[in-house]
Amino acid sequence: MSKVDTGELAKEVERRRTFAIISHPDAGKTTLTEKLLLYGGAIRLAGTVKARKASKHATSDWMEIEKQRGISVTSSVMQFDYLGHRINILDTPGHQDFSEDTYRTLTAADSAVMLIDVAKGVEAQTIKLFQVCRQRGIPIFTFINKLDREGRSPFELMEELEQVLGIRSVPMNWPIGMGRELCGVYDRMNDQVELFQGNDHSTIEVRKVGDYNDPIIREMAGEYLHDQLREELELLDVAGDPFDLDKVSRGELTPVFFGSAVNNFGVQTFLESFLKLAPKPAPRQSTEGEVLPTEPRFTGYVFKIQANMNPAHRDRIAFLRICSGRFDRGMSVKHVRVGKDIKLSQPQQFLAQDRDIVESAYPGDIIGLFDPGIFRIGDSLAQGGGVVFNELPTFSPELFAKVTVKNALKHKQYQKGIDQLTEEGTVQVFRTASFDETILGVVGQLQFEVFEYRMRVEYGVEIQLHRMPYQFARWLVADKIDPAKFRINSTLVKDKKDNYVALFENEYAMRTAIDKNPDAQFLETAP
Ligand code: GDP
């Protein structure tokens, strides 16, 4: 085992912040990410969404689908330094086309930034991603974007956070006007105002003030907006939640920042507050109990496998979140599931065009390991072995399709493809009770397309997918399952481990089945 300087390890852990930005498409994630990267003069870019949008993607060999659409099929990682911090942003595809990978990536984050469009409020995809973060109990910071546009009132948005997401919020700053009238924000934590100057809002001035009654604000924003600001902030002081870091840390209270990413307005103060308040890499749960990031032995787990980065080589990259210790290039670690030592000789910290080789990395960092087919999602690596991380939940599929093979002679390749792709977590697979039909389950449409594409390109099998009307899958747990009883409101299938799973077309059918079978448990994911 290589010698690790524990003082240095603690320092490196202390300065790291690893987070994901969660949002609905079009809220401005690409824009915000880009602004954040600019502050840090990004040191490591993992083929950012923007780079692809700007057609730079031609230089890196993304999957064909990704190229055609100019979107990120699988999430990537960006790393930069700012004010002594080392920041890892985990990119989750902001598209409608998200997949289980998006959810899995969230397990590698220590906090999340929830980006919301001021006019649209909380949207569908935000809700789903929020729920995954909520389940993990990680702190969630909210950035309400596009303040330069006419939007909803800040109070209304706070109300919506509570009603729709069930989370209380505490505004860290407050808009002075909005849309065309927007002249700035009042920073409640630092008692300063940030003001837009000039007709085109192109310059930003930050002024320290006594408090929100300071006449300087009146002078700069005008009587009307200042009166409105004072009224609203007085109300907040009396009726709003006070800032409470413990509640933020437990994910019970979300600090809210207002700004405009495209104008770079409020972004820097957001970043600086975020770095102060967001947690360093957290301990992770394992079969050996909690693993602290400052433990000298190296451990980590694979949360994503990206295939076909380079179609010519058919290589795969396993993304590993480091949980403890220091990673050194060439080190030997135990691949816990397989029970063998492996040498990590070709690590890549990110997927940029030049694929830099990483010499060392610390907890909170993500490294990409060359994978000749030895890793599965959820695998743990640990010096000395033993530790198995239980970080990766499975997610309940919401879209289903029946598979047929166009050329029956290809059956062997088809089977191999199904086995490998389900192992990688590309899709979940079910069989009808009589075992003659294969049904795929996914959380996002894109997973179907990736499956179809990879079957054709990697296994030479043309398949056809027939969408099925189911929306819910529930794993049945009961002493005795009488299949006949479950066929009434649902289709009964089996998963890879022969568990019974009932598929329902709608919530009503599911409720009815649950009511009629009080002895059975209906689980959202495999037991
Ligand atoms: P993504 O889909 O969440 O990655 O969103 P993008 O960053 O691509 O932004 C979607 C659209 O919103 C683009 O046209 C952006 O220029 C625009 N946008 C982003 N931030 C702002 C903002 O602060 N104000 C306004 N008016 N538009 C913005």
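**Legends to close-up views of the predicted model**

**View 1. Contacts across the chain in the predicted model.** Of the contacts in the protein between residues at least 6 apart in sequence, 70% join residues at least 24 apart. The protein holds 15 helices and 29 strands. It has 527 residues, of which buried residues make up 46%.

**View 2. The three assigned stretches, domain 1, domain 2 and domain 3.** According to the domain assignment, domain 1 covers residues 175-240, domain 2 covers 284-382, and domain 3 covers 399-523. The centres of domain 2 and domain 3, taken over C-alpha atoms, are separated by 30 Å.

**View 3. Where domain 2 meets domain 3.** On the domain 2 side, 5 residues are in contact with domain 3, and 5 residues of domain 3 take part in return. The side of domain 2 that touches domain 3 is made up of 3 nonpolar and 2 charged residues, with no polar ones.

**View 4. Residues surrounding the ligand.** The shell around the ligand consists of 17 residues. The closest are Gly28, Thr30, Thr31, Ser260 and Val262. By class, 8 residues of the shell are polar, 5 are charged and 4 are nonpolar.

Conventions. Residues numbered from 1 in each chain as written. Predicted model: local features only at pLDDT ≥ 70, side-chain atom pairs only at ≥ 80, totals over all residues. Domains from an automatic or database assignment. Contact = placed C-beta atoms within 7 Å. Nonpolar A, V, L, I, M, F, W, Y, C, P; charged D, E, K, R; others polar. Helix = DSSP H or I, 4+ residues; strand = E, 2+ residues; numbered from the N terminus. Buried ≥ 20, exposed ≤ 12 C-beta atoms within 10 Å, placed from the backbone. Near = placed C-beta within 6 Å.
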